[in-house]
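Look over the model below before reading on.

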Amino acid sequence: MKKVMNLIREEMDAIGGQEFHLPALNPIELWEKTGRVEAFGDTMFHIKNRPLVLAPTHEEVIGWIAASHIESYKDLPQIWYQIQTKFRNEPRPRSGVLRGRQFIMKDSYSLDSSWEELDKSYDLHADAYKRIFNRAGLKYFIVGASSGAMGGSGSQEFMVESDSGEDTCAVCEKCGYAANIEVASSNIPKLTRVTDSLQLKEIHTPNVKTIDELKAFLKVDEKLLAKSLVYMQDRSPVLILMVGNDQLNESKIQSVLGANARPVHPDELAELTGADAGSIGPIGLKGFKIIADKRLEGANNLISGMNKNDYHIGNIDLLRDVKLDAYYDLRTVEAGEPCSKCNEPLRVVNAIELGHIFKLGTKYSDALHAMFLDENGEMKPIIMGSYGIGVERIIACNIEQNHDKFGIIWGKAVTPYHVHLVLVNANVDSVIKVAEEIYERLAKHNVEVLFDDRKNVSPGFKFKDADLLGMPLQIIVGEKNIVNGKVEVKDRKTGERQVIEMREVVEYIKKYYEMN
Ligand code: ATP
Ligand code: MG
């Protein structure tokens with residue numbers, strides 16, 4: 001953990017970051033000002049006997065500090081960061097350290113005087129993140145992401161492909177397009193408008209509810225079936241039209257209708273339309289806003305529910321028969337669909353989110369009055385960005401990507417110790433003495449050593465443990481070699497063994513790590 005934190009610290013300092021240590025206990029008042037007591041809801045821990053919360057992130061505190069310390073454009077830009085414990089009452093904590101209710105985050109915040117300057121701070125972070133993950137030895141990819149409850153404009157996530165990941169991403173092997181499924185789009189063809197729009201007709205469809213049932217019953221192409229879903233936006237119903245079995249994307253619909261929009265309850269639906277979920281459609285609805293997925297733009301001769309159980313309507317022409325509010329990209333991309341950039345089939349993979357960078361804008365500075373005087377003496381809100389990295393996740397992903405059947409294989413930059421010193425014959429005084437001498441000598445030269453000097457453990461167990469713990473180099477001190485003034489060195493990754501002169505040990509390790 002310390003190694004990873006230091007690596008992050010070096011790269012954050014290198015882009016001009018200033019390290020803070022902010023309180024984890026926050027006055028709830030700050031969070032009320034930005035409306036995020038509600039936005040976080042049950043995910044934020046509240047203190048029972050004080051008006052305090054445990055911070056899940058620190059935009060509020062940073063905004064508050066900026067409000068009292070930043071006065072003019074001359075005080076900007078700033079990058080403020082910390083590496084600190086965060087608390088989130090995750091509904092489903094899992095996979096060990098990948099999703100905990102308490103975890104360590106490097107979070108940083110940029111404060112700028114213009115959007116152009118924000119772009120610069122954002123790019124500095126993107127570059128620093130690449131360096132951090134490269135140095136940590138991780139294979140990762142970057143995706144365009146949804147800004148979700150944070151608000152703001154641009155946002156990207158750093159992802160590691162993994163079956164245990166809880167994020168889903170669409171990636172193109174050919175052109176490198178990659179996006180979180182929350183925002184991914186593809187070149188799946190639109191419906192084609194046919195020349196003749198036929199007359200609306202009523203179709204009796206007894207007990208037919210799902211798109212698959214309807215398709216089988218009518219023996220028609222799924223693309224002609226317009227699925228209707230109903231959401232509540234505050235108190236108003238919204239009808240959403242999708243093609244056949246296309247999946248409505250929860251995060252896309254939220255960015256269109258707002259975070260509080262929700263699927264309608266069955267009883268509300270019956271009251272609003274007189275029909276059940278399988279029989280809803282866009283014709284004859286009153287008081288509904290109607291929106292549709294872009295694939296349906298201008299389509300005709302569609303079949304949809306009739307707002308009467310057991311009936312559907314055929315030959316719907318969206319231009320002629322429906323008063324549509326707007327078309328949006330609302331569907332979830334599926335594996336194999338053509339890439340929106342190069343038309344190659346997309347892969348859909350699970351991934352672990354390692355880091356996230358956001359252009360926040362002025363949401364928090366507005367709410368907390370974090371203002372500055374610009375060159376013309378005008379008061380303006382500070383433009384903010386926010387950037388996070390999960391420290392435990394770096395370690396977990398590192399192990400996931402760098403191990404074999406014997407255990408962990410640490411990379412040079414994040415290994416807990418440089419060498420694992422294995423004392424083989426721990427009951428022979430002469431061997432103990434030599435091993436201790438080596439240990440002292442290495443320590444003097446700033447080599448970090450994990451010294452296995454356990455007495456009642458067999459050599460076989462020690463070797464297994466050394467492989468399991470995975471330090472890149474093992475130095476094995478045994479009776480056989482020390483009589484010749486030698487020790488054995490094992491490279492954990494390649495398994496290569498070498499017998500070297502005892503007096504060359506320090507040099508050997510320094511060369512391996514390129515240390516001075
Ligand atoms: P997720 O989507 O996985 O819940 P998030 O988008 O809520 O994460 P951010 O608010 O962007 O997370 O936090 C920044 C980083 O902190 C994430 O990229 C991730 O590496 C890490 N992180 C977030 N939540 C957790 C958690 N519960 N346990 C461990 N690390 C976490
Ligand atoms: Mg995130």
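Which helix and strands do the buried residues of H15 pack against? This is a predicted model, in which local features need pLDDT of at least 70 and side-chain atom pairs count only at pLDDT 80 or more, while totals for chains, interfaces and linings use all residues. Residues are numbered from 1 along each chain as its sequence is written, and side-chain values use heavy atoms, with hydrogens and water left out.

The buried residues of H15 pack against helix H12 (429-444) and strands S25 (419-423), S27 (473-477), S28 (486-491) and S29 (497-501). Contact means heavy atoms within 4.5 Å. Helices (H or I, at least four residues) and strands (E, at least two) are DSSP runs, numbered from the N terminus.

H15 itself spans residues 505-513, and its buried residues are Val 505, Val 506, Ile 509, Lys 510 and Tyr 513. They lie on the same side of H15 because they cover an arc of only 125° around the axis. That arc is taken from the directions from the helix axis to the C-beta atoms. Exposed Glu 507 and Lys 511 sit on the face turned away from the buried side. Buried means under 20% relative accessible area, exposed over 50%, partly exposed in between (1.4 Å probe, protein chains only). Just after H15, Glu 514 takes a positive phi of about 50°.

Turn to helix H7 (residues 250-257), which holds Ser 251. The Ser 251 side chain reaches the backbone oxygen of Glu 182 at 3.1 Å.

Last, the cysteines. The structure holds 0 disulfides (pairs of cysteine sulfur atoms within 2.5 Å). For Cys 339, the nearest cysteine sulfur is that of Cys 175, 3.7 Å away. Cys 339 is buried, at 0% relative accessible area.

Conventions: Chains lettered and ligands numbered in written order. Polar contact = N/O pair within 3.5 Å; in protein donor to acceptor, adjacent residues only side chain to side chain.
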